[in-house]
Amino acid sequence: MADAIRTDSLSKSFVDFEAVIDVSLRVETNEIYGFLGPNGAGKTTTIMLLLGLERPTRGVAYLLDSPSHAREFAVRRRLGVLGERQVFFDDMTAREYLRFFGRLYSVGRIEQRIDVLLERVNLTHAADARARDFSRGMQQKLGLVRALLHDPELLILDEPVSALDPRGVVEVRELLHSELGRGKTVFISSHVLTEVEQLADRIGIMNKGRLMVEDTLDNIRQALQPETRIQIELAEPDRFPAAALLDLDFVSRTELRDGRLSVHLKGSASPEARAGVSRVVSQHGGVIVDMHAEQMTLEQAFVTITDEDVERLAA
Amino acid sequence: MGFDRRLGKGRLLAAWLVCHRELRGLLFSPGTYLVVLLAGLAAHLFLNTLAQSIADSGLAVLSGAFNLPIYSVLFVTGLFLALASVTSISREREQGTLEVLFYGPVDVAAYIGGKLVSFGLAYLGLLALYLVCYALFAGTTGFAFAMPTWAVIGLSIPVVMHVVALGTFVSTATRRVRASLAWFLLILLMLLALQFSPDLLELAPVSNRFYPPLRLARIVLERINLAFTWVSPFALLIKGTEAVRRADALLYVYTTAISSCSVLVLAAGSMYLMWKGGVRS
Amino acid sequence: MLHSRTFLLCLAVWLLLWSVPAVVVAQDPERRTELVYGVNAYIGGRYEGDFYPRSVDTIYLVADAISVVSPRYTEVYYWPITNREVADWARLNEPVEGVLEIRRRGRLVAGLEATDYVVQYPEGLDLSPAVVYLGEEAHRQWNHFDESRREFRDRVSAYYNDLVTYRQDLDDRIEAGTLEGEPDPPPREPEPFLYSSTEVNRGFPVELPAGSYTVQVRTADGEVQPGSRRRLKVFEPLSAGVAMWAIPHDRYTFPEKSDDEGEVLYLRRGTLAYLQPHAQEEYRDIHLTRLMDPQDTSGRPDLYQWLQTDEIQDGVLVVTQGTRVVDRIERRSYAVRQITGAALGYEIHDQATTDLERLRERRPDFQGYPVDTRALPTSFRVHLEDADGQLVPGSRRRVRVVRPDSEPWLAIVPYVPVVLALVFTGSRRRRFVRLPRDQE
């Protein structure tokens, strides 16, 4: 399957600093890619380089196999972009604004399409109000509608939920999942890590202009935290031979303390590992009352990766 | 963002939509109506004064009764459109709407082209409006639309577009509305100064051998002025007006052609600057 | 920092010194001896005399007509009131001896010897074209002029003697009571002496085709006289045309002039206007301005000027509407009478038809073609036809007869778009959906 986005050693230098350094990322077709990084990490510049709105100092970016420096209008029509800041043309209503872009992208049956999308983000009531009078959340939803209006193959979203209330977040999440279900690719740059954690198939984390890591969240966890721990609460802990678990390859050690059994695993607490532990406990007559894995959250991973001490990961 | 080699249907569509949006903005702008009012009042004042003068003295000789009103329209409308063009792109850049447009199937050629065409169409629309008013006046008074008047109207189109293209160029070269305005006014003042400084220096005592710096300054300004004769829209307007007066078709065509070429050069310069400088604020 | 301040201060003082009012200098003008060129330049049928100080390096002359240049030593000083360098001929006026060389692209075109010349206006200054006479002929014509002038003085003297005698005789007869009926007419005043001439002067007559040249004086020892080299620009008229003066019947002192065929002559309905055609030539503004005043640098190369020459005396004014000839108007002579008293103004009388004998007999004040709007359509064209029935180039004019008043309702026209704008934008704003406060 072809990559929806690919960059090769993409770099961008300004007069006094390097905003993006040798970024080589890859977004597969029909996946949601979370693009993370602290403020000033170079995320927005990378997006601008992808879109061809900034010219790279070095390297090249491909969107839908089209290089950024010679992008045809036909390819641009297959992109849907939501910028970080929502801006609207003077005095236009939401419907007029969407109509303008509908014509620009040669959307058929514009009015029908506008009505459907506004309905999906719950903005039908504001269709004929001036867009610049909208609340920030409404503006963000309107921007998303604009990005989806022409049914693009690839969505590039910069902070799509930052101004939304919880209900709005759910609406957008459902919208993006449904787009994914229709074979679309979504590239999300966001600070709302919980949202990315829930949505993204793969994640790329930028720091100081470099792409520190790019992988699935599980793999990133494993890379950051070689050992994970499963906490088990047993019905009769004193009768269970904890050493029996050491027969499992992926268990490094066990501890029984205060009636709770801690099992240290070599690697992540994958469903297979959890099933293995559970089976061994049952075979030795143990009754599991509660079991949960203590693994790294995306937030912890993010903080760890963007910490200067772990720059080694980038290697 | 790069230049597409062929001017395809998509680019034309994008240019037309940019143009349409700009025209729509002008249609709802109070400034447009203020300009129409000012130009209309000035034209009415000129025509009334002229009618009064003929009533008093019995006769008047004019190359066209509507020439002065046309010049007043040219001045007021041209200045308005120039200011609109000079703030147009930097304002969009400042607001971020420029970036949003370029996410989609829009490139610098479509955008700059659309902008310039919109200002041209706006001028033609306003001109048509004024001409209807003049026709009413001509019909009731007996004033004629003489050939020189049509020639001046024809000349005014490339000259206004020249100023608008200059405004667009400045707007593309700068990133803030204030800076655009400041630079544009500075350039206009410089062109005006070049136009009239030799005449002003003529008043200075340059023949006196005690004043060689002034003499030198005047010679230098005269030379620069001569060079700018073919660049400055003011100089081209004067040259074109002179061609109309002398019924010099060759000079008229030459002047309008130079003005039109300047529009193309400035448009190409604007495209290059935007391509080079990007669309972000 | 201190240094830069000192520098700026010095700069300011220096600039101030440069801009000290020239009047200060004028208190005691500094004179210098210079080689200047005195020029009697032909232009449009007459001669303009001026001098080119050393600071003006280009002499301007009209092509294919004799102009006379005369290099001389004189004292020059700057006169701030007129912002001009002035020659003090009274203190020094010494001709530069030698041959005047004229070169074009380095090649010698002419080597002229100085000769005597005189410029005359046989029919009077501004009334007839100037004629220049050279060499012996100059002296003959000067003598002729001098003789004519002496004869005129004699005629004037005789006239006054006759007048005294006539008055004396009239007084005697009145006193004696022998005056019966109309007295004899008084003696006729001699025609005014309009013949005009310069004195015989010496200079180099120059007659060249258009182009750029250099001039210099080569002395008898073969050397170029220092300070004598100047550029010489010889130009020709760009086109010929007809200036049409229009004199309104009731405002004799406010004529209007139309230079170009593109111009329209607007006449109030009921106006009678007299058209006076004059020949004219078109020149570049810079050429004509410099020729008229060598020290005037305001002339522009991209502007043009008409120079009116002679009144066109032959021909018929043809009035046309479309292709149809509406009228053919002959040139007529007019006398102007000043109205005294409260009315104060002028009356224009056709000398052929006026009842006033005094006006009939005197020399006409002007001649022209009467265009009477009462007898003509509201829109027509006029042109001049010469004696051969040919159109005189540049004489065509469009004439419109306009109403003296305009419709008052036209005053509201400029406001109509504003009213439309208010209605338009107002209705659009009303169509906007208003969001609840908490959603804005």
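Predicted model: local features only at pLDDT ≥ 70, side-chain atom pairs only at ≥ 80, totals over all residues.

Colleague: How many residues are in contact between chain C and chain B overall?

Modeller: 62 residues of chain C are in contact with 60 residues of chain B. Together the two chains bury about 5,300 Å², and carbon and sulfur atoms account for 58% of that.

Colleague: How many salt bridges are there across chain C and chain B?

Modeller: Three salt bridges turn up across that interface. One pairs the side chains of Glu282(C) and Arg245(B), at 3.8 Å from N to O. There are also nine residue pairs in polar contact between chain C and chain B, both residues being at pLDDT 80 or more.

Colleague: Which helix gives the largest share of chain C's side?

Modeller: Helix α6 of chain C, residues 416-431, gives the largest share of the side that touches chain B, with six residues. By class, that side of chain C has 32 nonpolar, eleven polar and 19 charged residues.

Colleague: Switching topic: what about chain B and chain A, how many residues are in contact?

Modeller: There, 32 residues of chain B are in contact with 32 residues of chain A. The area buried between them is about 2,900 Å², with 59% from carbon and sulfur atoms.

Colleague: Which three residues of chain B supply more of its buried area there than any other three?

Modeller: Tyr103(B), Pro105(B) and Arg280(B), which supply 26% of the area that chain B buries against chain A.

Colleague: And how many salt bridges between those two chains?

Modeller: One salt bridge between chain B and chain A. It's formed by the side chains of Glu96(A) and Arg24(B), at 2.8 Å from N to O.

Colleague: Which helices of chain B each supply at least two residues of the side touching chain A?

Modeller: α1 (9-27), α3 (67-95), α4 (97-103) and α10 (249-277) of chain B. The largest share comes from α1(B), with seven residues.

Colleague: Last one: how does that side of chain B divide by class?

Modeller: The side of chain B that touches chain A has twelve nonpolar, eight polar and twelve charged residues.

Terms used. Residues numbered from 1 in each chain as written. Chains lettered and ligands numbered in written order. Heavy atoms only, no water. Contact = heavy atoms within 4.5 Å. Buried area = accessible area lost by both parts, 1.4 Å probe. Salt bridge = Lys/Arg side-chain N within 4 Å of Asp/Glu carboxyl O. Helix = DSSP H or I, 4+ residues; strand = E, 2+ residues; numbered from the N terminus. Nonpolar A, V, L, I, M, F, W, Y, C, P; charged D, E, K, R; others polar. Polar contact = N/O pair within 3.5 Å; in protein donor to acceptor, adjacent residues only side chain to side chain.
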